[in-house]
Amino acid sequence: MSQAIASDDTSKSLLMIAAGGLLSGLLTPLTPQLIDKFTGGSGNLRMALVAVPFAVLVFFVVRRCSANPVWAALLAGIVTMVAFVCAVNAAIFIDAQAYGASKIMRNVLAGLAGGFVGSGLMALAIALLPAGPRDPALWMRMLLTGTLAGTLMAVDSALDLDLTSVLYPVWQVAVAVRLAMVLQRGKSG
């Protein structure tokens, strides 16, 4: 009986995290409009600010799903912002390296690279937090999920989306839920 209650609580928690990922994913492509109202700051700093909605979600996921202290959850949020900048730069680099390939192929490759770098940096950094699980097999699911979801960049490009996105809501829901699952397994294991 207690297992059924715990399972129901876990399902509700994951559903709430998915809803948070959807909200942050809808806000992410809109934040550049707000950031552009302010002048100053480097391009990478401005790009990192775009990741604030997802970084806030990561903060709450780390606090709720692990035994990490507040400072560690804050660090996880900052790492998320850094990972976003690195992911975007990796996607830009791979897109430039695939010059001459079709636009959709460049976007798929760039999305794979960005998804891999973003989820990989997050997984590595959060695994090193005091209460982060050290089992690499747990983190591989998050890495695989983030990498494959990165291919949705091609969908955004094909649909010529600017203020909306398919990539961000799906990627952020998937990675946030996977992060929560990893942290919950690490907490219980």
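This is a predicted model: local features need pLDDT of at least 70, side-chain atom pairs count only at pLDDT 80 or more; totals for chains, interfaces and linings use all residues.

Biologist: How does the reach of H5 compare with the span expected at 1.5 Å a residue?

Modeller: H5 has 28 residues, and from its first C-alpha to its last it reaches 40 Å, close to the expected 40 Å. Helix H4, residues 52–65, can be treated likewise: its 14 residues reach 20 Å, close to the 20 Å expected.

Biologist: What makes H5 and H6 roughly antiparallel?

Modeller: The axes of H5 (residues 70–97) and H6 (residues 103–127) cross at roughly 155 degrees. Angles over 145 count as roughly antiparallel, and therefore H5 and H6 get that label. Their axes come within 8 Å, and the crossing is right-handed.

Biologist: Which residues of H5 and H6 make the contact?

Modeller: On the H5 side they include Ala 76, Val 79, Ala 83, Ala 87 and Ile 94, and on the H6 side Arg 106, Leu 109, Ala 113, Val 117 and Leu 121 are among them. The residues of this contact divide into 16 nonpolar, 3 polar and 2 charged.

Biologist: Why are H3 and H5 called roughly perpendicular to each other?

Modeller: Helix H3 (residues 43–50) packs against H5 at an angle of about 115 degrees. The class of roughly perpendicular runs from 65 to 115, and H3 and H5 are therefore placed in it. Their axes are 8 Å apart, and this crossing, too, is right-handed.

Biologist: What makes the contact between H3 and H5?

Modeller: H3 brings Asn 44, Met 47, Ala 48, Leu 49 and Val 50, while H5 brings Met 81, Phe 84, Val 85, Val 88 and Asn 89. The contact of H3 with H5 divides into 8 nonpolar, 2 polar and no charged residues. Of the H5 residues, Met 81, Phe 84 and Val 85 are also listed as buried.

Biologist: Why does Ser 119 count as buried?

Modeller: Buried means under 20% relative accessible area. Ser 119 has 0% relative accessibility, so it counts as buried. Ser 119 lies in helix H6 and touches Met 142, Leu 143, Gly 146, Thr 147 and Trp 171, not counting residues up to four places away in sequence.

Biologist: And what makes Leu 109 partly exposed?

Modeller: Partly exposed is the class between the buried limit of 20% and the exposed limit of 50%. The relative accessible area of Leu 109 is 35%, so Leu 109 is partly exposed. Leu 109 also lies in H6, and its contacts, leaving aside neighbours within four places in sequence, are Ile 94 and Ala 98.

Biologist: How do you know that Asp 160 is exposed?

Modeller: Exposed means over 50%. Asp 160 has a relative accessible area of 66%, so it is exposed. Asp 160 is found in the loop between helix H8 (153–158) and helix H9 (167–188).

Biologist: What is the phi of Asp 160?

Modeller: Phi of Asp 160 is near 55 degrees, which is a positive value in a residue other than glycine.

Biologist: Which residues are buried in H4?

Modeller: Among them are Pro 53, Phe 54, Leu 57, Phe 59, Val 62 and Cys 65.

Notes
Residues are numbered from 1 along each chain as its sequence is written. Side-chain values use heavy atoms; hydrogens and water are left out. Axes are lines fitted to C-alpha atoms, for helices over the stretch in contact, and angles run from 0 to 180 degrees between N-to-C directions. Helices (H or I, at least four residues) and strands (E, at least two) are DSSP runs, numbered from the N terminus. Angles under 35 degrees count as roughly parallel, over 145 as roughly antiparallel, 65 to 115 as roughly perpendicular and the rest as oblique. A crossing is left-handed if the near helix is turned anticlockwise from the far one by less than a right angle, and right-handed if clockwise. Contact means heavy atoms within 4.5 Å. Ala, Val, Leu, Ile, Met, Phe, Trp, Tyr, Cys and Pro count as nonpolar, Asp, Glu, Lys and Arg as charged, and the others, Gly among them, as polar. The expected span of a helix is 1.5 Å times one less than its number of residues. Buried means under 20% relative accessible area, exposed over 50%, partly exposed in between (1.4 Å probe, protein chains only).
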